[in-house]
Amino acid sequence: MEDMEMDGAFEPVAVELVAQGVIGKRVDEMESGFLMALDYMIQLAQKDADDERKSLLEVIKQTVLDHLTKKCPPHVQVVGLLCQTEKKESRHELLRRVAAGGGVFKNDKGLKCQIPGANLNDIANQADDLLESMESRDVIPDRKLLARLVIVREEARNMMGGGLLDERNDRGLTTLPEAEVNFLSKLVALKPGKALERMIRDVMNGKGEGADNIDQSKADSHSEQEHLTGVSGRGSVSGRKPRPVRPGMFLETVAKVLGGVYASNTSGITAQHLEWVHQTTLKILQDMAF
């Protein structure tokens, strides 16, 4: 850039053009650890307060992701687009266009892009698969992305119109997860309000029952585990500390319990309470996501 004596305002554009050309030719040859290395370099640049280097690396990373996305199936591409779309109305419009066969879509920034046609159920399942992969880890590396995936899954499911009892929304849970059930039991014992909302917000942000198991790998190496409390005060079935409450699995648990309440025709205060928890959690995740 210095040799070309380029105006600073045009540098980002020039970098992107160069990156597009180079990466476009070599994206198939990239090793699996390349993006991880980029993330590490971006973190180093951030620690060094080197904004120029950080900006350059982020352009390269985004260009790589864009090229990889184009090689993905349509529903995977759509999940990526939805995760980058901040406004709820725009995401819903994008989903409608996709369900109708694709076409030109104008995003939040006013830029037009060509979107593929895809099945809403495939989109929801793809987001759910990514969620399951992220939430199965002891430490969640990116809670903002996690929140976005939850929102994408829920909005795609809602647009299918089947409601809570729709079989397509069933993740196949035969036993409800211990940590989420414990937390939900605590919530339904309290009145809806600011205090309850604060409890949910803290857990969704990785505090309290939602805190990452940073020391879990160390604990796994020990042959003995301390006796831990399980569902409703009973001993843990596994005898091990349950995984932290995870946003995607928590909403899945609430929906499963709520669906059971509706199916048994025992709706009332409990159903209203669960609906409040469900909607409040979605609102909190929306705030976290964008």
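Welcome to a predicted model in which the count of aromatic pairs comes to one. The rings of Phe 183 and Phe 250 have their centres 5.4 Å apart and their planes at 55°, so this pair is tilted. Phe 183 lies in helix H8 (residues 178–188) and Phe 250 in helix H11 (residues 247–263), so the pair ties together parts that are 67 residues apart in sequence. From there, the tour moves to the core, then to a threonine, and on to the hairpin and a loop.

**The aromatic pair and its surroundings**
- Are the two partners buried or exposed? Phe 183 is buried, with a relative accessible area of 1%, and Phe 250 is buried too, at 0%. Both values fall under the 20% cut-off for a buried residue.
- Phe 250 also turns up among the contacts of Thr 281 and among the residues with the most contacts inside the largest nonpolar core.

**The nonpolar core**
- The largest nonpolar core holds 47 residues, and those with the most contacts inside it are Ile 123, Met 204, Phe 250 and Leu 285.
- Which elements give two or more residues to this core? They are helix H4 (74–83), helix H5 (88–99), helix H6 (120–135), helix H7 (143–160), H8, helix H9 (194–204), H11 and H12.
- Leu 285 is in contact with Ala 147, Val 150, Ile 151, Met 204, Pro 247 and Leu 251, once its neighbours within four places in sequence are left aside.
- As background, nonpolar side chains in soluble globular proteins tend to be buried together.

**Thr 281, a polar residue in helix H12**
- Thr 281 sits in helix H12 (residues 269–289) and, at 0% relative accessibility, counts as buried.
- A polar atom of the Thr 281 side chain lies 2.6 Å from the backbone oxygen of Val 277.
- Beyond residues up to four places away in sequence, Thr 281 touches Ile 200, Met 204, Phe 250 and Leu 251.

**The hairpin**
- Strands E1 (residues 102–106) and E2 (residues 112–116) run antiparallel and are joined by five bridges.
- Two of the facing positions can be named: Lys 106 stands opposite Lys 112 in E2, and Phe 105 has Cys 113 in E2 as its bridge partner.
- E1 and E2 form a hairpin with five residues between them, and Gly 110 in the turn has a positive phi of about 85°.

**A loop residue to look at**
- Most residues other than glycine have a negative phi.
- Ala 49, in contrast, has a positive phi near 60°.
- Where does Ala 49 lie? Its place is the loop between helix H2 (34–47) and helix H3 (51–70).
- Ala 49 counts as exposed, at 60% relative accessibility.

**The chain as a whole**
- The secondary structure of the protein chain comes to 12 helices and two strands, in the order α-α-α-α-α-β-β-α-α-α-α-α-α-α from the N terminus on.
- Of the 290 residues in the protein chain, 36% are buried.
- Taking contacts between residues at least 6 apart in sequence, 65% join residues at least 24 apart.
- The accessible surface of the protein chain is about 17,100 Å², and carbon and sulfur atoms account for 52% of that area.

Key:
Residues numbered from 1 in each chain as written. Predicted model: local features only at pLDDT ≥ 70, side-chain atom pairs only at ≥ 80, totals over all residues. Heavy atoms only, no water. Pairing = 2+ DSSP bridges. Helix = DSSP H or I, 4+ residues; strand = E, 2+ residues; numbered from the N terminus. Buried < 20%, exposed > 50% of the residue type's maximum accessible area, 1.4 Å probe, protein only. Polar contact = N/O pair within 3.5 Å; in protein donor to acceptor, adjacent residues only side chain to side chain. Contact = heavy atoms within 4.5 Å. Phe/Tyr/Trp six-rings, centres within 6.5 Å; stacked < 30°, edge-to-face > 60°. Core = buried A, V, L, I, M, F, W, Y, C linked by side-chain atoms within 4.5 Å. Areas by Shrake-Rupley, 256 points an atom, 1.4 Å probe, with all protein chains shown as cover.
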